[in-house]
Structures are given as C-alpha cells and as structure tokens.
Amino acid sequence: MGALESGECRYVMLSYGHSALSSDGMLRMLGEFEVEDMVFGHFGAAAAYALAARRAMHVYRTGPGTWQHIAIGQRRWANLNPRAMMYDRPMSAEEYFNARWHVEPFRSPDNCLITDGGRACIITTAERARDLRHRPALVMGMGHDHPARSVYRTLDFTGGTGAKKAGEKALAMAGITLGDIDACEIYDCFTYTVELTLQDYGFFGPGEGEDWFRDGATEPGGRMPVNTSGGLLSEAYFMGLTPFTEAVMQLMGRCGERQLGPATRTKDPEIILCSDNGGIFQSHACYILRRP
Amino acid sequence: MSEEKPTPVINADTRPFWEACRNRILKFQKCRACGHVRWPAAYLCPECHSLDTLWVPVSGKGTVFSYVVYHVAYHPGFLSDVPYVVALVDLDEGPRFLSNITGCSPDEVYCDMPVEVAWEDRSAEVTLPKFRPREA
Ligand SMILES: [Zn+2]
C-alpha cells in the first residue's frame, strides 16, 4: 500500500497459482511441518486444527452440530457458482453427518479442497482506479496480528487467535463497527476456523456459534452471508485469495447467480470483511473493503 | 506388506531424550536458572534464555490436553493402525508432549483424562513413549 501511495509502484498484482491437485506439493509441504510428530503418525494441518477444535469442544459448546451449518451453508453458495469445484454437488445435513471421518472430530466436508488453478487481483490507488473500466472495491481498513507461538505450546488454543487484535485494528482504521458489515469472506481451511475467526472478531461469544449459524444465517437469503463463493471448503483452495477476491468481486457486482443483493435475497453489499490466517492460528490478517 | 514408519530425527539437542527412552526413562531438560522443564529439546531455555541445563527424569504421569482420531493414514506405515489416537499430553512436570494413547479404544479417550507413559519398541534402536489410561 505504501509503495502505491508513494508512487514507487503504479499497479501491484496479487497472485497465487498451484497444481496442488495433480501434484503432491501441497501434501508434502503440510507433511513436513514437524518431523518429530510424524514418528507418532501426526501429519499436517488438518489434525493440528482438529486438536484445537477438540479442545474447544471440551471448553465450550461447539462441534459437528455447529460446523454442519458452515459446511452446508457454504455448499449452498457453491451451488450458485459455476466455477466452484462443488457446483453440482449439493449437500444435506444427513450427508454431512454420514460423511467419513477424516481426522476426528473433522469429517471430510470439514476440510478444504485441494485445487489446480489460481487467482489474481490488481491493487492500485483509488485515484487511478477511477479511470479503469470496472468499478473498483476500496480498502477501508486492515489489521494484522501474529501470535506466532505454536498451538502445541499455548495453554489455551480455543480462542484469542490473531483475529482478535487484527479485527479490532481493521475496524478502527475503517471507523466502523461489526454492525456495519454486510457480508464476510473468511479464510476457511476447516469449518472450525470459520467459527473461531468470527467468534474472535466478536460476532458471538464462545459456544454461541451454533445458535448464531442456525436457520441459514450465513446462506443465500441469510442475515450475514459468509463465504459466498463456496470458500476454500466448496469453491477452490487459493489460500487467502479465495476469500479476498470474492469480496472484491461481490463489491464490483460481478458474481452472477450468487451476487449479493436481490438475486440472493440478501442486503446489497456496501461493506465486506475478509480474513486470512496462516500456520495453525499463528498469523492473521483482516481486510475491510467497501464500494466506492 | 507394511511400509516402515518414520523414525525420530536424532540430533545434538534430542539425543539425550531418545537415549533415555531406549532405557525406558522419560527425561526432559530442566533450566537450572528458572526451573522451567521444556519440550521440544532446545539449546537454551525459552523462558529465560539461560544455557544452564540439566536432563531430569519425570514421573511419566499427565493428562490429555486434547486428542484426535486418525481415520486416514497419511503415511503407508500407519495403514494398519487406523483408527488411532494422537494426543497432546500435559505432563505433571510441565511439558506438553505429542504422542499416542494406547491401551484403550479411541472412543474411551477424553480431554483431561489421566494417563501414564507406556513404552513401545519401534525397532532395536528406538523406543517410543506412548501413553495409556491410569487411575486418577
Ligand atoms: Zn529458564
């Protein structure tokens, strides 16, 4: 951002591309997290997030009863998105609960997809963007926080992730409150990540997620749409660019059948919050975007 | 044919740990400056940065902080083990140690469950500290 404001750069492209599905690159990267743990048959990110999720189930009310709403809600968005890997694969609650355990307490639909493909986004100044062909989305606020400490060493990894401070910073910079947010695009490597991120942003208290997500709150027609492309769970895995580019596209009005507004019986989006998260809840970025 | 499981990477930091395991003794580094008992093994104390360290045996007793049940094998060596439990065990002396829970069915494991070390020979050179249920 500084490089754009100072004139050092005029346009910056954020891009991500990976042949993750047709190669073993992603699984190798994840498998090599902690060599010592492999001795005990512990590999990769799914089980690490599952350890956090299991402890959370012990401390407050959460679990598959909450996560079904996230997995199913995002699948309904993906069913409106022809680009989504799960476009023609609807999922009912029965199908969610009948799905195979992966690393319990996660079933397969609690895990993100592995995708061949990529995403890109151009950033420039608001002034330059005014002359471009498409209406831009503007960055209102951003916040980062990186607790860094391994989840295995923290005393309590059921909350208080980087989302807390990053969210506060982004809201302060934007000069708004959570009540002003029209939709969220949340980094969703696992269903529980969505719950904990929204919880740490302050949308609901620990254990209140099951009620908050209930009755299609985050689905098409819901009061707070979440992950309107289907997200990493049901659209495609392009790291933080899946949620970020979806927020941009929604504000630009380029989302077709899944477009927020009358087409999906939701509020016309003025402001969208999005998140990115790295490691096992070790780093967090929050961005708030708005319409010009 | 079952493929071999991964073996520990033994280096200057971890050698005393794995050598003690071969003798079925669970040992961790204790900082002589502040008393902090640490894992993973490290050159200096993560709490006070002191280099003054002693390897001390621990009781092998602890509780399950959290656990997961693997229903898929990420490595062919674990194909015949699924479903198996990976847990974070909080040892009474302080360190949090990632290991397996044995001696009960995965359905019987719970957070805060009391456990104790249960030795398992992986090979002639390597013995692993696993954990099994104990009376509280
Ligand atoms: Zn110390």
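User: Which domains is chain A divided into?

Analyst: Chain A has domain 1, covering 4-32, and domain 2, covering 45-290. Keep in mind that this is a predicted model.

User: Got it. How many Å apart are the C-alpha centres of domain 1 and domain 2 of chain A?

Analyst: Those C-alpha centres of domain 1 and domain 2 of chain A lie 19 Å apart. In the contact, 18 residues come from domain 1 of chain A and 21 residues from domain 2 of chain A.

User: And what area is buried between domain 1 and domain 2 of chain A?

Analyst: About 1,700 Å² is buried between domain 1 and domain 2 of chain A, and carbon and sulfur atoms give 66% of that. On the side of domain 1 of chain A, the residues that lose the most area to domain 2 are Tyr11(A), Leu14(A) and Tyr16(A), together 38% of what that side buries.

User: Which elements give two or more residues to the side of domain 1 of chain A that touches domain 2?

Analyst: They are β1 (12-19) and α2 (25-31) of chain A. The largest share of that side of domain 1, eight residues, comes from β1(A).

User: And by class, what does that side of domain 1 of chain A have?

Analyst: The side of domain 1 of chain A that touches domain 2 has twelve nonpolar, five polar and one charged residues.

How values were computed. Residues numbered from 1 in each chain as written. Chains lettered and ligands numbered in written order. Predicted model: local features only at pLDDT ≥ 70, side-chain atom pairs only at ≥ 80, totals over all residues. Heavy atoms only, no water. Domains from an automatic or database assignment. Contact = heavy atoms within 4.5 Å. Buried area = accessible area lost by both parts, 1.4 Å probe. Helix = DSSP H or I, 4+ residues; strand = E, 2+ residues; numbered from the N terminus. Nonpolar A, V, L, I, M, F, W, Y, C, P; charged D, E, K, R; others polar.
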